[in-house]
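Reader: I am new to this one. Could you walk me through its aromatic rings and the reasons behind the labels?

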Amino acid sequence: MLVKWLVFLGVIYSIKAQLISLEKDEVSLTVDRSTEGLNLKLLQNGTEKLSAQIGLGLEIGSIAQCLGIEDCLQFDGFRLHITSNIDNGFTVLWVTKNTQTIFRDCFSLSSNDTNWFGGPERYDQYWPIEKLTLENFANVPQEDGWSAITEPYWLNSKGAYIFVDEKVPLFIDQNSYTNDTICFVAKVEDPYVDRSRVLLNYTISARDNARDAHLHAVQHFLGKPTGHPAYKMIERPVWSTWARYKREINDSLLVAFAREIVDNGFADGQFEIDDYWETCYGSLTFRDPEFSSINNTVQTIKDMGFRVTLWAHPFINVDCTYTDIAIRNNFLAKSRNGSLLTSWWNSGEDEAQLLDFTNAEAREWFVSRLRHLQEAHGIDAFKFDAGETSWAPQVAKLYGDIETSPNMMTSDYVRACATFGELVEVRSGWKSQDLPIFVRMIDKDSRWGSNNGLYTLITTLLQMNMNGYTMVLPDMVGGNGYDDENPSAEMFIRWLQANTFMPSIQFSYVPWDYTAKEIEISKKFVELHTKYADKIIAAMNKSVSDGYPVNPPVWWVDPTNPEALKQDTEYMLGEDILVAPILEEGAVSRNIFLPAGSWVDGNSGRVYEGSQTLLNYSAPIELLPYFIRSQ
């Protein structure tokens, strides 16, 4: 059999008939032909870390070596090129100029002995994510399924990860095309349009464990935040009008709410004026007469010790006068057929328009108008909403590189928002992990379970952190109260407890909506959060310097322990504080897994050795189980 060998830049390549074999450092990759396509395996020191069927659905036919390129296979109309441009990993590239071609590579989840992390933010946020089902999911930030963050990153418990290049028109089939697989599909279909080629391009890498693999991904792909939000936004609560009042707000109500906060013993914080303050959506002008004294209102609230922020969004409804200026200057996103019309939660069908943040002039107009608003009324910062690509008229025709469309719309929006400084928050993201601002969890419902309830407060926290978004702003304590589902007193307290060691606490429903008992317990946990604010800042600084998650999963400190790897109801603050809140209605005890090490009970002071599960740990309503690593 003809065998050709090439040693280049420390990589050994060989092609035996229809087989590719590569080695780099301690990692090896093989590709063999199968009846359905090609089989790929990634091994580290002989241990399998990933396996996949690649090229599914393609007419493989005869295979030739690409002319003059030893690590490249030429097929009829497309090619496969595998290279190693990072340590301990390889890059796989399928490419063709035939835009009817569909590339599909399906990796085994091996869920009987492997856990997976990463992937898109979801309404039903599973953790680990091998339980998740996705079918033909376009991997773009979108409101469908609450997918405001969709980084193309997947990590497994064996210490391997997959990172898909930003230019791939990527769709995900997980547990749908075939069970127990995740398929990466590249095809030129909506919302990926006007492309001259199809490419499926991703990097796979293997390290000793999931922690080492994630830090490798941070180094090469995810990046690190360049700073953190303001200390005062971390130390003291955010108080929002939204869940408690919805859109029924005015001058007198805002002042009364601020006075309630102070009178009930919850001093200062960040006071957030949410929807509905504009004359029309997009005017950036306060309603009259509801806000005829807004300057006095803002100053009165500031005199109580609060910072005042304002809800903002990227839409202009068609009944708003500012629509004419935006149209005249081509500031609005438009579809391929020229339509400017879209819809959002504060408009009727096709009664809104969206600013095109891929247009630099539109960004400048948006930012300058908000800065004028700040100066005119004494507003400190903004809560920015939306930002997902699917709010644009579909399918949107945008500025910039067509191969990063539509995701660049989200990135350009949040980067414009971030110019307003360390007090802002956004809710969407794409390749924006570097921004030193809070990224808010998308709205949670006032429920207990996995259907966007209290359970998902933990799993969403973990999902965001392990996608590199480490400056997480949890949603409001008790949820949003949609569909007349208001939080009970028990839910409110358990939600606050679960939130205590997260970066910030955000209230809208308030302790005095209940009884004196809830006020007393709430003060206890707000004070506990304040006590540990310096620890939160220390974890954020570690994220800035080294890319560590601020609130990692338990396995971060015990990455080879199978019990640690599957924990979905506990989380860490940094590496030294473990939190195990009560997440089930009526529960007054729970089992708690302690990872390797010695752990001091934060309530009793008792010391426990790790690598064990504490059974039926007692946690009455006034108690949050948490543990501090023994020094």
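Author: Gladly! Rings of Phe, Tyr and Trp pair if their centres lie within 6.5 Å. In this predicted model, Tyr276, Tyr281, Trp311, Phe315, Trp344, Trp345 and Trp391 form one aromatic cluster.

Reader: How many aromatic pairs does this rule give?

Author: The count comes to 52 aromatic pairs.

Reader: Why is the pair of Phe501 and Tyr626 called tilted?

Author: Planes under 30 degrees apart count as stacked and those over 60 as edge-to-face, with the rest tilted. The planes of Phe501 and Tyr626 are at 40°, with ring centres 5.0 Å apart, so this pair is tilted.

Reader: What makes this pair tie together parts that are apart in sequence?

Author: Phe501 lies in the loop between helix H10 (489-499) and strand S30 (506-507), while Tyr626 is in strand S37 (residues 626-629), so the pair links parts 125 residues apart in sequence. Both Phe501 and Tyr626 are buried.

Reader: And what kind of pair do Trp555 and Trp556 form?

Author: Trp555 and Trp556 form a tilted pair, at 6.1 Å centre to centre and 50° between the planes.

Reader: How do you know whether Trp555 is buried or exposed?

Author: Buried means under 20% relative accessible area. Trp555 has 0%, so Trp555 is buried. Trp556 counts as buried too, because its relative accessibility is 1%.

Reader: What sits over the ring of Tyr177?

Author: The charged end of Arg104 does, 4.1 Å from the ring centre, and the limit for that distance is 6 Å. Likewise, Arg371 lies over the face of Phe420, 4.2 Å from the ring centre.

Technical notes: Residues numbered from 1 in each chain as written. Predicted model: local features only at pLDDT ≥ 70, side-chain atom pairs only at ≥ 80, totals over all residues. Heavy atoms only, no water. Phe/Tyr/Trp six-rings, centres within 6.5 Å; stacked < 30°, edge-to-face > 60°. Helix = DSSP H or I, 4+ residues; strand = E, 2+ residues; numbered from the N terminus. Buried < 20%, exposed > 50% of the residue type's maximum accessible area, 1.4 Å probe, protein only. Lys NZ or Arg CZ within 6 Å of the ring centre and 35° of its normal.
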